[in-house]
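Here are my notes on this one, point by point. Have a look at the structure first, then read on.

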Amino acid sequence: MTSDAVTAATVTAATRPLVEVRDLDVHRAGAHILDGVSFDVLPNRVTALLGRNGAGKTTTLLTMLGLLPGTGSVAFDGVELLGMSTHRIVQQSIGYVPEDREVFGQLTVTENLRLAMRTPEAESRLDLVHELFPELHDRREQRAGTLSGGQQQMVAIARALLNPNRLLLIDEPSKGLAPIVVNEVVAALERAAADTTILLVEQNLQVARRLATDIVVLDSGRVAHSGPMSELFDDPELAHRFLGVAAAAGGAP
């Protein structure tokens, strides 16, 4: 292969979507939650999935993980995920940080982390996790249920970072956290974003602005807007129309 051909192949790989969601429809409890949702997630970037409460953001992540049934297509690097069991989806090198942390409260921090290990590399990545979150090392023998909300969020993120995932699905990482903890969490996610692709659901626009390069806005279960993150902050009317807030709202982390 010539050098020009190698360069072209590299450029194509960098610009081809890692995730392609097409015509995704999901019903929950008789309600039509997602209606023909289509968007792309580019590799080695952070895409923020935004929208008002009830727009379908969490439903999108749960469907991508196989935790909710849906129709349409969710392709991860060309592999169709819809219809695949959740454990097989995770084995594609996809990590998940749930909205409500969902740590095992009766287990210690160390036990929570060890349960998340699924690759040979995970053991060696413990040092990275402890570097990002020194508190987890200090509290490694403490039961996770006795941790603060911010510390539990650190455990939830750490579990996803232990394995060398190609895609992280992260749901509301700053929800309910004090500003100083939000800063710590965002710094860890910035570090993670240097090595992997992230699809981020986040209500705090300043957190989304700091982390994301691209946005997808959902409104009533449909894609209302997609494009660079900068568009949202360069157009206050756009932010107000789709999110009901000023682009500067949310409290800078």
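1. What is the mean pLDDT of the protein chain, and what share of its residues reach 70 or more? This is a predicted model, with a mean of 89 and 91% of residues at 70 or more. Watch residues 3-11, though: pLDDT is below 50 there, and the stretch has one contact in the model beyond near neighbours in sequence.

2. Six strands form an open sheet in the order 6-7-8-3-9-10, with mixed pairing. Strand 6 (94-97) and strand 10 (222-228) are the edges; each has a single partner strand, so one side of each lacks a neighbour in the sheet. From one strand to the next, the twist averages 15 degrees.

3. Now the salt bridges, 10 in the structure. D35 and R222 meet at 2.7 Å, N to O; D35 sits in strand 2 and R222 in strand 10, 187 residues apart. Both are partly exposed, D35 at 24% relative accessible area and R222 at 49%.

4. R166 and D77 form another, at 3.1 Å. R166 is in the loop between helix 7 and strand 7, and D77 in the loop between strands 4 and 5, so the pair ties together parts 89 residues apart in sequence. Finally, shared partners join E20, R22 and D40 into one salt-bridge network.

Notes: Residues are numbered from 1 along each chain as its sequence is written. This is a predicted model: local features need pLDDT of at least 70, side-chain atom pairs count only at pLDDT 80 or more; totals for chains, interfaces and linings use all residues. Side-chain values use heavy atoms; hydrogens and water are left out. pLDDT is the predictor's confidence in each residue, from 0 to 100. Contact means heavy atoms within 4.5 Å. Two strands pair if DSSP finds at least two bridges between them. Helices (H or I, at least four residues) and strands (E, at least two) are DSSP runs, numbered from the N terminus. Axes are lines fitted to C-alpha atoms, for helices over the stretch in contact, and angles run from 0 to 180 degrees between N-to-C directions. A salt bridge is a side-chain nitrogen of Lys or Arg within 4 Å of a carboxyl oxygen of Asp or Glu. Buried means under 20% relative accessible area, exposed over 50%, partly exposed in between (1.4 Å probe, protein chains only).
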